[in-house]
Amino acid sequence: MRHTTFWTAVPLVLAAALLTPLAWADAPLPAPPTAPAPPVPALARAWPVGTRPPVLRGWRPPATVYGPGHRGVDLAAPAGSPVRAVAPGRVLFAGRVAGRGVVSLAVGGTDLRTTYEPVRASVREGDEVAAGAVAGTLEAGAHCGGAPCLHWGLLRGGTYLDPLSLLPPWLLNGGPSRLLPVRPDRPAAVSP
C-alpha cells in the first residue's frame, strides 16, 4: 500500500515543482537609497534656561525606536527658572504627561519640534511664541536624580535629534562679551 501512495504523490510533487516560479527569479529589487535627512538649522536665538547652563547629561540617540538612550539634553537650572522658547514657533502641546509638565513647540518654518519638561506652562496650545519668549517655569522634578534640571528635546517626525544642534556657534561655544583691561603700553583711544 505504501508503494501505491508514493507513486501517486510523485506526479503531484513534480507538477507543483514545475508550476512554482523559481524563488531566485523573482527576488525583490533592492530599495532605492533614501535621501539623507536635512541638517538641523542652527536657528536658536537663546538657551531655554539661563545664559549657558551646564549640560548635566548629553544627547545619546537610541539604536532602536524603543532602545536605551537619552533623547534630549538635561540642562542645570534651579526650580522656578523661566523656560524660554529657543526659536519662534507655535505651541503644539502644553499640559501634563505622566505627572510631568510638558511644553512642545513647532519650530517656525521647519519640520522640527522642541520639547521642554518638567515645566509649568504659561502658554496654551495654538499660541504663537517668539524666540526667547517665556513658555513656562521649571518645576522641581526627579529627572536628574534629585537635582533640578530641564530636559530639552528635539524631534523631526518621530526621530529624536540633538537639541544642541539648534544652537549657533556664538550661543553654543561663546559667552557674553567681556571687556578686557587696557594694557598700560597702549593708550586708550579717546574720541572728541
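This is a predicted model: local features need pLDDT of at least 70, side-chain atom pairs count only at pLDDT 80 or more; totals for chains, interfaces and linings use all residues.
Setting aside neighbours within four places in sequence, the residues in contact with Glu139 are Ala79, Arg96, Gly101, Pro118, Val119 and Arg120. Two of these names, Arg96 and Arg120, come back below as salt-bridge partners of Glu139.

Side chains of opposite charge can pair when their charged atoms come close. In this model, four salt bridges are counted. One of them brings together the side chains of Arg96 and Glu139, with 3.2 Å from N to O. This pair connects distant parts of the chain, since Arg96 belongs to strand β4 (residues 89–97) while Glu139 lies in the loop between β9 and β10, 43 residues apart. The two partners also fall into separate classes of accessibility: Arg96 is partly exposed at 48%, whereas Glu139 is buried at 11%.

Arg120 is another partner of Glu139. Their salt bridge has its closest N and O atoms 3.5 Å apart. Here, too, distant parts of the chain are linked, with Arg120 in strand β7 (residues 119–121) and Glu139 in the loop between β9 and β10, 19 residues apart. Arg120 has a relative accessibility of 55% and therefore counts as exposed, the cut-off for this class being over 50%. Through shared partners, the salt bridges join Arg96, Arg120 and Glu139 into one network. The side chains of Glu139 and Arg120 are also joined by a polar contact of 3.5 Å.

A further salt bridge is found between the side chains of Asp111 and Arg156, at 3.0 Å from N to O. This pair again spans distant parts of the chain: Asp111 is in the loop between β5 (100–107) and β6 (112–117), Arg156 is in strand β10, and 45 residues separate them. Asp111 is partly exposed, with 45% relative accessibility, and Arg156 is buried, with 13%.

The largest pocket holds about 220 Å³ of space. Its lining is made up of His70, Arg71, Phe93, Val97, Ala98, Arg100, Val102, Ser104, Thr115, Glu117, His151 and Tyr160. Strands β4, β5 and β6 are the elements that each give two or more residues to this lining, and β5 contributes the most, with three. Sorted by class, the lining of the largest pocket contains five nonpolar, four polar and three charged residues.

The second largest pocket has a volume of about 160 Å³. Around this pocket are Pro61, Pro62, Ala63, Thr64, Val65, Arg71, Gly158, Thr159 and Tyr160. By class, the lining of the second largest pocket has five nonpolar residues, three polar residues and one charged residue.

Note on methods:
Residues are numbered from 1 along each chain as its sequence is written. Side-chain values use heavy atoms; hydrogens and water are left out. A polar contact is a pair of N or O atoms within 3.5 Å; within protein, one must be able to donate a hydrogen and the other to accept it, and residues adjacent in sequence count only if both atoms are side-chain atoms. Contact means heavy atoms within 4.5 Å. Helices (H or I, at least four residues) and strands (E, at least two) are DSSP runs, numbered from the N terminus. Buried means under 20% relative accessible area, exposed over 50%, partly exposed in between (1.4 Å probe, protein chains only). On a 1 Å grid over the protein atoms alone, a cavity is a set of points where a 1.4 Å probe fits but cannot get out, and a pocket is an open set with protein on both sides within 12 Å along at least five of seven lines; lining residues have an atom within 4 Å of a point. Grid points are joined across faces, edges and corners, and a volume is the space filled by probe spheres set on the points. Ala, Val, Leu, Ile, Met, Phe, Trp, Tyr, Cys and Pro count as nonpolar, Asp, Glu, Lys and Arg as charged, and the others, Gly among them, as polar.
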